Amino acid sequence: MDKIRVGIIGCGRIAQRHAKHIEEQAQLAAVCDVIPDRAKDLGTKYDVPSFQRVADFLAYEGMDVVAVCSPNGLHTEHTIASLNAGFHVLCEKPMALSSTDCEEMIKTAESSNKRLFIVKQNRFNPAVEAVKQKIDAGDLGKIFSVQPNCFWNRNFDYYRKSDWKGTKKLDGGTLYTQFSHFIDLLYWMVGDIEEASAMIQNYAHEGVIEFEDTGVVALKFMNGVLGTINYTVNSYAKNMEGSITIFGEKGSVKVGGQYLNKLEYQSFEGEPIGELSEGNPANEYGEYQGSMSNHDKVYENLTAVLNGEGSIATNGLEGLKTVEIIEKIYKSANV
Ligand SMILES: NC(=O)c1ccc[n+]([C@@H]2O[C@H](COP(=O)([O-])OP(=O)(O)OC[C@H]3O[C@@H](n4cnc5c(N)ncnc54)[C@H](O)[C@@H]3O)[C@@H](O)[C@H]2O)c1
């Protein structure tokens, strides 16, 4: 079978990880970045053509898939242009910054008859997968409540070194860039949200970011489950915790660590979760750590689906749901 050829728009931090896994499981075909040196460096590293203009990149025919790794606020434009140019798309999280934009992306995937994948690699964390299996098997019984804690550190340099992070227009908000993975997992494990009530504040990043650095959220899910999210990027000097705790009638469980990488607590009426594999380390960016680096699993899924084996791990509709929930939360905080 011919290797699937993937091009990348946006040659920044996460693109380096995409390129590595594309080369391991498919073939990197071309790259594009408005900053010519970034495109050139990545292109040279993998010996593939590099482009500065998206239109020129999309006119290059030697690709099957475009991986959209540009700033959040450009995902819609780049995804729609790539689909219309005849390519499947793997779009980084968050899918977009409004549910209307997500809907346009889904519609375009349908009208162009191409596949749309969204990156939500935390679903592949071993502890997260194990808890999801327990929930689906009914081993927690009825779920009563859920509590994600998102306590990370993002200092001034993190935002100041970027021309888009911290901006309303291209970043969108702390729930979009830092914590959309957690919202996705709430939706995936517990369900959709009926009501949200949030209070948010910018305590330590005044003049540095255009939105909150901290929030508290109360949630009511459509299935009656209650939830609270506590989130901040003010954990002193380093990431402290990224966790989800779930209380059900037949079990309580906490997936924790800094980035949902450890099974920290379990107590079940039935069989406990057994030994888990170590999983991948976090995405390491020098001054800070991101989520678990499971992009290998994302590309395994992409190549399987495009070879006709299996279904998309996170499709456009699921990507839309995360954005819809974030919108509900921010609306309740009058953003
Ligand atoms: N899945 C994850 O865990 C994960 C981790 C990090 C980032 N991300 C997501 O990946 C995306 C990129 O984040 P990053 O940290 O790599 O950012 P980055 O700033 O390092 O990279 C973005 C790149 O896009 C380029 N760009 C901007 N406008 C462009 C345009 N019009 N055409 C082509 N290129 C353009 C920039 O020059 C930059 O090189 C974001 O959406 C972010 O939320 C996801």
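This is a chat about a predicted protein model, from its overall build down to single residues.

Biologist: Hi! What should I know about the model before we start?

Modeller: It is a predicted model, where local features need pLDDT of at least 70, side-chain atom pairs count only at pLDDT 80 or more, and totals for chains, interfaces and linings use all residues. Residues are numbered from 1 along each chain as its sequence is written.

Biologist: Which domains is the protein divided into?

Modeller: Domain 1 covers 5-118 and domain 2 covers 124-289; these bounds come from an automatic or database domain assignment. Taken over C-alpha atoms, the domain centres are 27 Å apart.

Biologist: How many residues are in contact between domain 1 and domain 2?

Modeller: 9 residues of domain 1 are in contact with 11 residues of domain 2. Contact here asks for C-beta atoms, placed from the backbone, that lie within 7 Å.

Biologist: Let's zoom in. Which strands form the open sheet, and in what order?

Modeller: The order is β3-β2-β1-β4-β5-β6, an open sheet of 6 strands with parallel pairing. At the edges are β3 (50-51) and β6 (116-118), each pairing on one side only. Two strands pair if DSSP finds at least two bridges between them.

Biologist: What about β4? How many bridges join β1 to β4?

Modeller: 4 bridges, with β1 and β4 running parallel. Gly-7 stands opposite Val-66 of β4, and Ile-8 stands opposite Ala-67 of β4. Another 4 bridges join β4 to β5, also parallel, where Ala-67 has Leu-90 of β5 as its bridge partner.

Biologist: Are the β4 side chains buried or exposed?

Modeller: Val-65 and Ala-67 point one way, Val-66 and Val-68 the other way, and all are buried. Buried means that 20 or more other C-beta atoms lie within 10 Å of the residue's own; 12 or fewer is exposed, in between is partly exposed, and C-beta atoms are placed from the backbone. In the protein, buried residues make up 46% of the 335 residues.

Biologist: What comes between β4 and β5 in that β-α-β unit?

Modeller: Helix α4, and the unit is right-handed. Right-handed means that, with the strands pointing away from the viewer, the path from the first strand over the helix to the second runs clockwise. In α4 (residues 75-84), the buried residues are His-75, Thr-76, His-78, Thr-79, Ser-82 and Leu-83. They pack against β1 (5-9), α3 (54-58), β4 (65-68), β5 (88-91) and α5 (99-111). Just after α4, Gly-86 takes a positive phi of about 100 degrees.

Biologist: New topic: why does Ser-99 count as partly exposed?

Modeller: Because Ser-99 has 18 C-beta neighbours inside 10 Å. Ser-99 sits in helix α5.

Biologist: Which residues does Ser-99 touch?

Modeller: Leu-320, Val-323, Glu-324 and Glu-327, not counting residues up to four places away in sequence.

Methods:
Helix = DSSP H or I, 4+ residues; strand = E, 2+ residues; numbered from the N terminus. Contact = placed C-beta atoms within 7 Å.
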